[in-house]
Amino acid sequence: MSTDESRQPVDSGLYVPAGAAATGPYALRIDPERAGWTHSALRVLELAPGASHTFATGDSEWIVLPLSGGCTVRTPDASFELLGRESVFGGVTDFAYLPRDAQAQIASGAGGRFALAGAKCGRRLPARYVPAPEVSVELRGSGPCSRQVNNFAAAGAFDCDRLIAVEVLTPGGNWSSYPPHKHDRDVPGVESELEEIYYFEIEGGGAGYHRVSPSRPGGADVLAEVRTGDVVLVPDGWHGPSIAPPGRDMYYLNVMAGPGDTREWLISDHPDHGWIRDTWPDQPADPRLPLYGPAGAEARR
């Protein structure tokens, strides 16, 4: 039996191996009902050359984010051409925002894979397009904790009602989502209550690791070997590290939303590990970063 065939979910509810949540044209479909929470959703749409897919946005806002390939996104009121990219390791991509209560079509002449990051929401905002050069690229951490964050729909970078989404690229051998942190309670000015989805890809294949540890009795507890197409759901708990295998860069897409009145990403570090942030100002960022993007990517520590 191959390594892939012998893998078993660590937690059948929170660790979702590639293919386990496939349905119809979606290689992955995690809606709030499937996750057992109220807001966050992620779908990965696979289109053959010349194919298209139509869907209703319903009570959620959505961002169409090319993982590989380009596409045309249409609503009754707008049409956007997404240039896309060769892969998540090849460059920043443009993206389109779709409002709730709309019919949308995604079509691709050459075919491709497209993430639909969504969140149940109240306000109906206009459909919009953002070109790749306008996506903020940030370097976070230092030394072996260095990673790159593409803040395409971060709370302060792009206007949504509920949805927060970013891409993180971690050079081979580095630890990301570190120190472990959480956002599972609403404490104004301190911590936001956000449900989070991690979607992983590993460049060239192989496996990384992701940890979620309980922040409360009976809380989320996952130690998962993650490969391309795998997902970890984080309803609560300390999440991190995400560990990239040596020689293989790791990508993950974070999709977050929650019930709070304010759309913001506020976190609490694990008290046993938060000290690591104090060491970062004395260390340079990993020289492999940014893997791509603006040469002057903003450093945040």
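**Close-up views of a predicted model**

Figure 1. Look for D101 in the loop that runs between β7 (95–98) and β8 (103–108). Its phi is near 60 degrees, which is a positive value in a residue other than glycine. For background, most residues other than glycine have a negative phi.

Figure 2. S177 is not a glycine, yet its phi is positive, at about 50 degrees. With a relative accessibility of 5%, S177 counts as buried, because buried means under 20%. P179 is also placed between β14 (175–176) and β15 (181–182). The peptide bond that joins Y178 and P179 is cis, and its omega is about 5 degrees. As a reminder, most peptide bonds are trans.

Figure 3. Follow the chain from L289 to P290, and you cross a cis peptide bond with omega near -5 degrees. P290 belongs to the loop between β24 (268–269) and β25 (298–300).

**Figure 4. H210 and its surroundings.** H210 sits in strand β19, which covers residues 208–213. Its relative accessible area is 0%, so H210 is buried. Who are its partners? The side chain of H210 makes a polar contact of 2.7 Å with the side chain of S242. Beyond its neighbours within four places in sequence, H210 is in contact with several residues, among them Y198, F200, V222, L223, H239, G240 and P241. V232 is another residue in contact with H210, and it leads us to the next view.

**Figure 5. V232 in the largest nonpolar core.** The largest nonpolar core has 58 residues, and those that touch the most other members are I63, F152, Y199, V232, L233, Y251 and L253. Strand β23 (residues 250–257) gives the most to this core, with six residues. A second, separate core has 18 residues, including L98, A104, I106 and L116. In general, nonpolar side chains in soluble globular proteins tend to be buried together. Zooming in on V232 and leaving aside its neighbours within four places in sequence, you can find contacts with residues including L14, Y15, E196, I197, V212, A224 and V226.

**Figure 6. Inside the second largest pocket.** The volume of the second largest pocket is about 210 Å³. Its lining is made of 18 residues, and those nearest the centre are D186, G260, D261, T262 and E264. What kinds of residues make up the lining of this pocket? Eight are charged, five are polar and five are nonpolar. At least two lining residues come from each of the strands β16 (184–187) and β17 (191–193). The largest share belongs to β17, which supplies three residues.

**Figure 7. A closer look at D261.** One of the residues nearest the centre of the second largest pocket is D261. You will find D261 in the loop between β23 and β24. Is D261 buried or exposed? D261 counts as exposed, because its relative accessibility is 82% and exposed means over 50%.

Conventions:
Residues numbered from 1 in each chain as written. Predicted model: local features only at pLDDT ≥ 70, side-chain atom pairs only at ≥ 80, totals over all residues. Heavy atoms only, no water. Helix = DSSP H or I, 4+ residues; strand = E, 2+ residues; numbered from the N terminus. Buried < 20%, exposed > 50% of the residue type's maximum accessible area, 1.4 Å probe, protein only. Polar contact = N/O pair within 3.5 Å; in protein donor to acceptor, adjacent residues only side chain to side chain. Contact = heavy atoms within 4.5 Å. 1 Å grid on protein atoms, 1.4 Å probe; cavity = no way out; pocket = protein on both sides within 12 Å on 5 of 7 lines; lining within 4 Å. Points joined across faces, edges and corners; volume = space filled by probe spheres on them. Nonpolar A, V, L, I, M, F, W, Y, C, P; charged D, E, K, R; others polar. Core = buried A, V, L, I, M, F, W, Y, C linked by side-chain atoms within 4.5 Å.
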